[in-house]
Amino acid sequence: MAGMQTKGASGGGGGARGVKARPVATIFDPSTITDGRMIITPAIAKEMLRYNSANRPLHEYKVAQYTRDMENGNWVFNGDPIRFSSDRVLLDGQHRLAACIRSKTAFDTNVVGHLPTSVMGTIDRGKSRTVGDLFGIRGEESPLSLASAARWLWRILQGPTFIWSAGYVPTQAELDSVLIKYPELRRSVAFTTTGDAKAFLVPTMGRGRPAAVHCIIQRNYPQAADDFFTALMTGENLNKKSPVKVLRDRVTRTALPKAHRPDWEIVYLLVRAWNAFIEGREVGKLVIASKRLPFPLIVGGPDWPEAEVKELDEE
């Protein structure tokens, strides 16, 4: 990722404060590149993509991630260049360029040209740092669990469309924002992954989803949220129609291997059981919905737009 974002910048030098960018011709030609730093505007990005003849297919989720970061001012310069070969082929940077066009936002980056085409096989070969890696570097406790919980909390806050589909992937900047707005997520992770939780919640529901749901509901119902998850962990003193017992039984007897379950299933069941619990209702069973049914609003949770809880089409 690279680039100091500037909305509506044009030409080669305007917009990025403190950056001495080279003038850029209206019609971009890779053969004229002098390696260095420049401001890429949407117009220049379109020109650069004309030379994208030997790259992998665009990954939509990656373009969407970069687009959101550019639009929200979260795109930062990190030195990673746009690369061109000596025969004027774009070797690296298509996702950044596509996001620049989509977001209508200029960004600041290095540009390198005149590379042998053979270097294509060496680009993006290193192991990327995960969100969990970065949280660990910062000294966060249980960084992998916290990363998973932050991803799910972000999806829940966006609304049902983002819960249903695993194709919506938050960026590092978006997850950092979640932790700033919900610092209590750290406690929720500890509460739902240690002690009794380690024996029941983690094996049956994973580490991220219970923590995210707990974090959401504890803002308005702090004691009830703890009581709900404590009962879920221990299974003590529950009658057979208690929503907590029905949920425990449901996830315990699920025959499908985890790899075959929709990733939203646990969140859906947790929400259904929590809603019944906080409303004092007994339930006979918890049925898994299809994506054609509305996702239930979370009692004590975010107010999603009305359109988000209407019938959803299959993707």
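Close-up 1. The model shown here is predicted. Rolling a probe the size of a water molecule over the atoms shows where empty space is left. The lining of this second largest pocket includes R68, N72 and N74. W154, L157 and Q158 also line the pocket. So do A173, E174, S177, V178 and K181.

**Close-up 2. Helices α5 and α7 each supply at least two residues of the second largest pocket's lining.** Helix α5 covers residues 143-158, and α7 covers residues 172-181. Which helix gives the largest share of the lining? The largest share, five residues, comes from α7. By type, the lining residues divide into four nonpolar, four polar and three charged.

**Close-up 3. E174 sits in helix α7 and is one of the residues lining the second largest pocket.** Is E174 buried or exposed? E174 counts as buried because its relative accessibility is 9%, and buried means under 20%. Leaving out residues up to four places away in sequence, E174 touches R68, D69, W154 and V169.

**Close-up 4. The largest nonpolar core has 56 residues.** Those with the most contacts inside this core are I156, L185, F228, F229, L232, L247 and L270. Helix α14, residues 265-278, gives the largest share of the core, with nine residues. A second, separate core has 21 residues, among them A45, Y51, Y66 and C100.

**Close-up 5. L247 is in contact with residues beyond its neighbours within four places in sequence.** Which residues does L247 contact, with those neighbours set aside? They are M205, F228, L232, L269, L270, A273 and L286.

Conventions. Residues are numbered from 1 along each chain as its sequence is written. This is a predicted model: local features need pLDDT of at least 70, side-chain atom pairs count only at pLDDT 80 or more; totals for chains, interfaces and linings use all residues. Side-chain values use heavy atoms; hydrogens and water are left out. On a 1 Å grid over the protein atoms alone, a cavity is a set of points where a 1.4 Å probe fits but cannot get out, and a pocket is an open set with protein on both sides within 12 Å along at least five of seven lines; lining residues have an atom within 4 Å of a point. Helices (H or I, at least four residues) and strands (E, at least two) are DSSP runs, numbered from the N terminus. Ala, Val, Leu, Ile, Met, Phe, Trp, Tyr, Cys and Pro count as nonpolar, Asp, Glu, Lys and Arg as charged, and the others, Gly among them, as polar. A nonpolar core is a set of buried Ala, Val, Leu, Ile, Met, Phe, Trp, Tyr and Cys residues joined through side-chain atoms within 4.5 Å. Buried means under 20% relative accessible area, exposed over 50%, partly exposed in between (1.4 Å probe, protein chains only). Contact means heavy atoms within 4.5 Å.
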